[in-house]
Amino acid sequence: MIGLVVVSHSAKLAEGVCDLARQVGQGRVRIAAAGGTADPENPIGTDAFQVLQAIESVYSDDGVLVLMDLGSAVLSAETALELLGEEKSSRVELCAGPLVEGAVAAAVLAGAGAGIAEIAQEAQNALAGKVALRQPPEGQTSGSEEALVTLTNRLGLHARPAAQIVRLARRYRAQVTIDNVAANSINGILSLGAREGHQLRICAQGAEAREALAALVEFIESGCGELAPAEPVVQAGGIAASAAIAIGQLVKLRPAVMEIAPRAIGNPEVERQRLMAAVHGAEEETRALYEWSKAHIGADEAGIFDAQSLFLEDPELLGGVSRMLLEDRVGAESAWQAETTKIADRLATLEDPYLRARAADVADVAARVMRRLTGQASAARVLREPAVLSAHDLTPSEVKDFDPAMVLGLCLEAGSASAHSVILARAMGIPVVAGLGPGISALADGTVVAVDGEQGTVWISPDAGQVEALEGRRREWLAARRAAELERHRPAATRDGRRIRVFANISGVAEAAEAVACGAEGVGVLRTEFLFLGRAAAPGEEEQVAAYRAIAESLGGRPLTVRTLDIGGDKRLPYVEIGEEANPFLGWRGIRVMLSRRDLFRTQLRAILRVGAAQPVELLLPMIASLDELRETKALVGEAEAELEREGLPFRKSIRIGVMIEVPAAVAIADRLAREASFFSIGSNDLIQYAMAADRTNSRVAPMADPFQPAVLRMIRQTIEAGRAAGIDVALCGELAADPVATPLLLGLGLEEFSVSAPLIPELKRAISSWSAPEAEGVAREALAMDSCESVRRLLLLRRPSPEPRRQP
Amino acid sequence: MAVGKPEVLKWLEVLQQVYAENRQWLTELDSAIGDADHGINMDRGFTAVKAELAAHPPSEIRSVFQSVATALIRHVGGAAGPLYGTFFLRAAAACPRKTEIEAADVVALFQAGIKGIEQRGKAVGGDKTMLDALLPALDAMRKGLENGCSLAAILDAGAVAAHAGMLATVAMQAHKGRASYMGARSIGHQDPGATSSYLLLKAAADTWRS
C-alpha cells in the first residue's frame, strides 16, 4: 500500500490535513506530515530534511505520494528526493493536486489498494468535485443525455464502487455528472453519500455521451457489482489477520450448542463416573494440545491450554457437579453444562478484562468435556472436503482442532488480529480475515470465496481473473516469506564481518515467541513487571518459575536476561507501599525497592536461579547507582543459592549478574562496576532523561532529552570503554538501539550487542550490515566531535549509506 | 592562483557579512514584489552557515559545501533555502577531492550549482529570478576560462555579468515564484533573488582576487 506525505509551510496545517486523510484511510494508510521548519523563531516554512524523514517514515516499495502547499514546499520536496537517493525517489510521486482534497482522495484510494499512478491522477483532479458543486445545474444542451437510476447495492456508494464509477466514466469521451457532481472525481462521488434506494441523476455530454450513460446505468443497476447472484463479484473488507490467501467453498461454523437428548437417569454414581471419564479424556486432550502448541507455536500460546487443564481439576467445579448429580438427580451433561455456564457467566461479568476473557476459555474447555459426554464431534471435524470456514468468533482450541489441510481459510465476523485464536491460525498458516461484521454469515454454504488475509479482504464468488491474480499473489507471498525467513535468521554482522548480537526486549510470555520469529538471538531484557502489575498480591515463587521457564523454553536455548522487578517511578503496586513522593523518578524505585523488600527480592532471585538450572538465564539489576547495591545483591544471590542447595532444588550456579547503566552515577563509576559485574546493559531511555535532567513527557523540556546530546554520547562511550577495558560485554537496550540513524554511531563506539523490541530486529540487522567497522568508527569519531545534538543528527543523516550497492573494500 | 579550503571559508565568512549588511536592502526589494523576507532569510541562513562551520570545521572543500547546503536547507525557510541549498549540494558533488582547486574546477563547480538551481526552480532566463544574474555570469566565466584568463579575471567577468543581469530584472515581468502573482505589476522592480545571487558572485570575486 502506498504511503502519503503532506508538506506544508505550517506544521498545524500539515497535521490537520493528515488527520482528515487518516479519517478516510481506514487506519491502514501510512500518512506523515512535514510541516513548518525546525526553527522555533521562524516556524513558517518548509524543510527538505523534514520532508525526507516523513517520506522515509511511510516508505514502501509500493511508493509514496507527496502533496505540497505553495512555492518552496515543492522545492523542498524535490530537494528531499535528491537527498533520498535515486532508487527510492523513483518510487516517490510529487503531486500537484490540491492539498486537502488531494490528500483525502489519495487516502481513500490508497486504502482501497490502488496503485500510485491512479492515486496521483485522482489527487491531481481532486478539485473537480468541488468545482462541479459550485456550478449552476446545467440546462439541457444539445448532445446531452440523462438518466435516472436507483442504487441497489446495500452499502451504497462507498469507496470501491465510487472508484469503479470514476474509472468507468473516464473511459468515455464525455463529461459525466451524477447528481451534478463530476463523475471523474472520487471525492465528488463520495461526497454524494448515496445509499441504497437513492435515485441518482446521471447526465452525460460529449461525443460518447450515450455510451457513457449506458455503461454507468448498467453498472449501477447491476448493484455496482456488489449483488452476489447477479454479478458474482463481491468484496468484504475486514482486518488483515494472517498474511496469506486461500480460495474455496464457504462453510458456516455454527456455534457449539450441545444438544442434550432427554433420557432416563439411573444411579448418580454411574453419571459421576461417566463425567469423570469425560473430564479425564478432556484433560488428556488438553495436555496434548498443550504439548502440540508448545512445540509448534510457542510456550505462550500453549499456556492457554495449561490454564485450561487446571480448570478441569478445579475442586469447586467438580464438587458442584457431583452435588448436582446427587441432589438433583440430573444427567452428567446437564450438571456439567449448568455448573460450567455458571462459572463462565460469573467471569463474563467481571470488570477485569483479563479475567473476563477467561470466560471464553472456560466455555472452550467445558465444550471439550461435553463433546465427550454427548459424542458430538466438533464442527470443524465434520468437514469432508477442504473449505473456507466462516464463524462469529473462534476459541483457541477450536482453531487448534482444525486440520490446515481441510480448513483453507477463516472469515470471522468478530475477532482481531491479536486474538489468541487468530495468532494460532496464523502460526498454522491458515489465512484469516477478522472483523468482517455480520454480513459474512448471510452467505450461503457452498459460495466460493477467496480469503486475502494480507489485505483483509474476502472476495465473494471471484471470477477466473481474480482467482488467477490471487493465486499469483499467494505464490509470491510464499516465496517472499521464505526469503524473509532466511534473511531474518541470519546473524547480524557488519559488512566487513564483525559479528553483532541482536537481542529482543520483551515484557511477557507473548513476546518471547515473537522475538524468535523476528530473528532475535536471545532476550536482552525481560522486564518482569508484567508478572507483578494488575494484581493484589505478589506472584509466588512457583508462579514466577513457571513464567520464566515458559519464556526460556520458547526461546529454544537462546540466552534470556531477566531484569529484576523495576517498580517505583511511574509504576505502583498495591502490595508495595511506596507512599507519596515529590519526585518518584528520583525516589524509591528499581533495585532500591528490592533491597529493602527482601521478601520480594528473595522470591524473585530464587525463581530466576531455579529456572537457570536448565536454561541459559542471566540476571540484570535495574537502577544501580553504587557499588554497594551490586555487592548487596550479590550477597542475597549467595544466600538464595545456599537455601536452594539445602533444599535440594536444582539452580544455576554462579549466574552471570549484569548491571543496567541508566543513572549517570553508574557511568561515572563504570570502571569500578565493570570489575564486579558480568556485563553492562545501557538503558538509554532513562540515562538520557537523568543525564539531561529532562523529562521526555514534559513537552517544554522533552527536546533536550535527545539521545544525540553530546553529554549522552560521551556517557555511552565511557560505558563501552569501561566494559571493554574490563573485558565484559556491553549491550544497549533503549530506543536508541533501534534507530537506524544511530546504528553507525553505536557500532563505531564499539557496541556489540543491541537489544530492541522484536518487530524492529529485521530493519536493525539490515542497518548493521550496511556499515563496515572502520566506516562506523569514522562516523562515531566525527559525531563525538560535535557540539550539539542537531549537528550530530545532521551528520548521521548526511553519512547514511548511499542506496547504490557499495564495492567490498 | 588556486583556491584552497581557507579561501573557501573566507568566501563564506565574507558572504555572512555581505548578507548581514544587505539584509535591509534585500528585504526592501522583496517587499515590493514578494513577501519581504528574503533579506532576513539570507542573513539567517548564512549566520547558520557561519555557526556550523565554526562548530564543526570540515576536513575538505567538498565537505565545506555539504555543510553549507545543510545549513541553508534547514535555516532559510523560503524558496531560497532549497535553491541555494541545491546550489551548494551540487557544487559539493562537483568538487574534486583536492586540497586546492584550479580555475577550471571553480567554473565547473559554479556550473553544477547553477544547473542545480535551474533544475530545482524550473525557471528560465527572463523569468525575473536569480537565474537572470547567474546564467549570464556562468556564460561569462566559461568564456573567460576558454580564453585562458586567470581565476581572478574569470570571477570578475562573472560578477560584472551578474550585476548587469540583476539590473536587467527591473524591466522584466515575473513568471516564477511569489512575484509572478503580481503579473505586470512586478515590472519596474529589481528582483531580490537576482540581487542575492549577484552578491554571492561578487563576494567570490572580491575574496579570491589575489
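An angle over 145 degrees between two axes counts as roughly antiparallel. The model discussed here is predicted.

In chain A, the axes of helix 5 (residues 99-111) and helix 6 (residues 116-124) come within 8 Å and cross at roughly 150 degrees. Helix 5 of chain A and helix 6 of chain A are therefore roughly antiparallel. The crossing of helix 5 of chain A past helix 6 of chain A is right-handed. The residues that meet are set out by helix below.

| Helix of chain A | Residues in the contact |
|---|---|
| Helix 5 | Gly102(A), Ala105(A), Ala106(A), Leu109(A), Ala110(A) |
| Helix 6 | Glu118(A), Ile119(A), Glu122(A), Ala123(A) |

Chain B contains 9 helices and 2 strands. Read from the N terminus, the order of its elements is β-α-α-α-α-α-β-α-α-α-α. Of the 210 residues in chain B, 58% are buried. Among the contacts in chain B with a separation of 6 or more, 66% join residues 24 or more positions apart.

The two chains also touch each other: 21 residues of chain A are in contact with 20 residues of chain B. On the side of chain A that touches chain B, helix 2 (48-58), helix 3 (72-84) and helix 32 (789-798) of chain A each give two or more residues. Helix 3 of chain A provides the largest share, 6 residues. That side of chain A consists of 7 nonpolar, 8 polar and 6 charged residues.

Technical notes. Residues are numbered from 1 along each chain as its sequence is written. Chains are lettered from A and ligands numbered from 1 in the order in which they are written. This is a predicted model: local features need pLDDT of at least 70, side-chain atom pairs count only at pLDDT 80 or more; totals for chains, interfaces and linings use all residues. Axes are lines fitted to C-alpha atoms, for helices over the stretch in contact, and angles run from 0 to 180 degrees between N-to-C directions. Helices (H or I, at least four residues) and strands (E, at least two) are DSSP runs, numbered from the N terminus. Angles under 35 degrees count as roughly parallel, over 145 as roughly antiparallel, 65 to 115 as roughly perpendicular and the rest as oblique. A crossing is left-handed if the near helix is turned anticlockwise from the far one by less than a right angle, and right-handed if clockwise. Two residues are in contact if their C-beta atoms, placed from the backbone, lie within 7 Å. A residue is buried if 20 or more other C-beta atoms lie within 10 Å of its own, exposed if 12 or fewer, and partly exposed in between; C-beta atoms are placed from the backbone. Ala, Val, Leu, Ile, Met, Phe, Trp, Tyr, Cys and Pro count as nonpolar, Asp, Glu, Lys and Arg as charged, and the others, Gly among them, as polar.
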